[in-house]
Amino acid sequence: MNKLLRTTVALAALALAMPALADDAKPLAGQSITVLLPSGQSPNIASDFEKETGIKVDLQMLSWDDIRPKLITGLIAGTPPADVTEFDWSWTGQFGAAGWYEDLTPLIDAESIKDMPTASIFTVDGKLLGVPYANDFRILIANKDHLAKAGITKMPTTIDELIADAKLIKEKGIAEYPLGVPLSPSEGTSTLWYLMTFAFGGDLFDKDWKPLFTSPDSGGYKALQFYVDMLKAGLIDPASTGLKDSDVHQMFMDGKVTFDLGVGPGWVGAFEDKTKSKIAGSTTLGLVPTESGKTVSYGLPEALGIPAASEKKEAALAFVKWMTSKDEQIKLAAEQGLLATRTSAFEELNKQGKILDGDVVIEQAGTVGPLFKQGTPTWYPQFSSAVNNAINQAAKGEISVADAMKSIADETAKAQQQ
Amino acid sequence: MSLSAVLPARRSREKGIDGTADALLGLLLAAPIVIAMVALVLFPVASTLWDSLHRVNPMQAGTPFIGLQHYQDLLKDPIVNEAWRNTFIYVVICVVLETAGGIGAALLINQAGRWRRFVLAAVILPWALPGVVNAVVWQWIYNPAFGLLNGLLVAAGLDFEKYVWFNDRTVALFAVSLVHVWRMLPLTAVIVLAALQSIPADLYEAARIDGASRPKMFTNITLPLIRGGVAIAMTQSTVAAFNFFDEAWILTGSSRGTRPILVQVYLEAFQNLHFSYGMALSVLVMFASLAVSLVYVLRVQRVTRLD
């Protein structure tokens, strides 16, 4: 009887302890946070995270262009726009100087940071302001059906080869405008010009932030001259002056352009999705062609940041750690085609054969460097705006290439003084 | 003072004839709108004016008083001056087209007889659309490859195959203005229509008996009597054209050749984070808009007095 009593008491004690054990495993269960991310995120993010941690997530999604104004209006007023937000590489300088985001350096383990090479892009004065969750770097993507029809057997590695291939495709009537280039006054126009500047062997600034693109033999000058020449040759659509990079990607998915120049491997998922793309199954990747033949690229990653004004930092941090974990990165790559920011996750995905032309992607990833060696400056948005407006005007024939380069340099100097 | 003198006074006070009670009631009734105006208009305007005299930039510590520095810089800023130039072009195109088109549309609707309400409902439709929706619709119309406009022009035998409307600055300014005119013209038409309907029919009858022709009746009766309505319509057209944003932003983004001044304000504040610089520019926009509108307002006042 005593034995039975003791067993019953022991079982009852265990039963009572179970919820406590569960609470220990999910110490933040019951809390709720808001997360603001660009549209197109996996619908399972909130439920998966809640299942694992017990923290409820109100996942808000906005188009990428609408996120920044929403963040700024909230942050300037001292009201957190969300507990976890999108944090683009291009905002690092401004948001770092404004002190709007929590320093995550002591909160993320060194091993993780080491596993995410692009974390350095989000570091200002030794403070980690965002943990990268979506990798992005420039690579060349082409329609292999177009190439095959034109009898092209290998991807171009030099600018001259790219032009020759585009001419051949146009002559054979496969694509009216084979080169997909955004030329509207938008960020995508700037980011492609940066890449083309590197591709022509140039750089944007020296170590003292002096422009390196005003001379006719500079990379930036040659890159814009390349656009103007390609427009004149009919290899770039004149209507590109109204196209953003996302419009060019859509044209690629519609089979209207052969080469998408301003794109990252993260878009492959959409290009190969039969419900979105008319050319699914025809995507092929190549290294960024350059004047010399030695490929280059640079990173444009996106991170998750926690506004300093957030009142639920612990739960927010749990979300950031969860979404940037190796397992979740692998899962997100499968679900929404996000390019993993962790080297370990990237290698694992390639081992599993889940990355299209994985060897090319890995080779290109090895050439990725930061856009600005000194870190993203606070005046970056003005510089980018000056770049895409000058390119747009030159593409329309309103100003010459030389005037466009001078205009960028003048506005940069003004922005640096402010 | 005699009792007879005091009693009527007390009685009249009780009834509010002396104005005290009426004045109190008036103040009470006006209080909500006064409070709303102070809180939502006057205070933000005063606050913006004050902040524009400081350096408010979240990337720099403190908000030091800098006086009129921003205003001096704005006058020398070539990009701001270009945006001003674009805005004045928009104002001229929009006000002229909306006024002429609005009067024409109002005259036609006025003649529509029993179909008037249906025609009016159809004409008002673009005004009911949000600016962004209107701009997106026109973005498709202007599309070089499959837009309706190029399609119609090509069908008419003209060489507009894949014509890019926004690649020429002059054409782009006009094309963008047209989208704004399309949305705002109905409002002018409605205001002028209301003025037209207030003209007594006897005047036209008398003119007809005197042998006046239709153009004579229009210039000597209609136009003078709708002057007040036209002036009000022109005031709203001017203010709306100064506040031009949605259509230009959707159709041509931040393109410098078509960038209106409010887009410049937005870029200064939300792109460059130079809040007080943007505030100073918005103060200038307010004064410019008020100055031009004042011409019409004074005209309305004079016309109203004559009436």
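Predicted model: local features only at pLDDT ≥ 70, side-chain atom pairs only at ≥ 80, totals over all residues.

Trainee: What makes helix 9 of chain B count as lying largely in the open?

Mentor: A residue is called buried if 20 or more other C-beta atoms lie within 10 Å of its own. Of the nine residues of helix 9 of chain B, residues 201-209, the number that are buried is zero, so the helix lies largely in the open.

Trainee: How many of the residues of chain A are buried?

Mentor: Under that cut-off of 20 or more C-beta atoms within 10 Å, buried residues make up 49% of the 418 residues in chain A.

Trainee: How do you know what radius of gyration to set against that of chain A?

Mentor: The globule rule is 2.2 Å times the number of residues to the power 0.38. For 418 residues this rule puts a compact globule near 22 Å, and because chain A has 24 Å, the value agrees. The C-alpha atoms of chain A fill a box of roughly 95 × 50 × 30 Å along the principal axes.

Trainee: Which domains does the assignment give for chain A, and what is in contact between them?

Mentor: Domain 1 comprises 20-135 + 301-369, and domain 2 comprises 139-298 + 379-417. A contact requires C-beta atoms within 7 Å, and on that basis 17 residues of domain 1 of chain A are in contact with 21 residues of domain 2 of chain A. On the side of domain 1 that touches domain 2, helix 15 of chain A gives the largest share, with four residues. By class, this side of domain 1 has seven nonpolar, eight polar and two charged residues.

Trainee: What makes up the side of chain A that touches chain B?

Mentor: In all, 23 residues of chain A are in contact with 20 residues of chain B. Helix 3 (64-76), helix 4 and helix 16 (380-396) of chain A each supply at least two residues of the touching side of chain A, and the largest share, seven residues, comes from helix 16. That side of chain A divides into nine nonpolar, 12 polar and two charged residues.

Trainee: What confidence does the predictor give to the complex and to chain B?

Mentor: The complex receives an ipTM of 0.81 and a pTM of 0.84. Chain B averages a pLDDT of 89, with 92% of the residues scoring at least 70, whereas over residues 1-7 of chain B the pLDDT is below 50, and this stretch has one contact in the model beyond near neighbours in sequence.

Technical notes
Residues numbered from 1 in each chain as written. Chains lettered and ligands numbered in written order. Buried ≥ 20, exposed ≤ 12 C-beta atoms within 10 Å, placed from the backbone. Domains from an automatic or database assignment. Contact = placed C-beta atoms within 7 Å. Nonpolar A, V, L, I, M, F, W, Y, C, P; charged D, E, K, R; others polar. pLDDT = per-residue confidence, 0-100.
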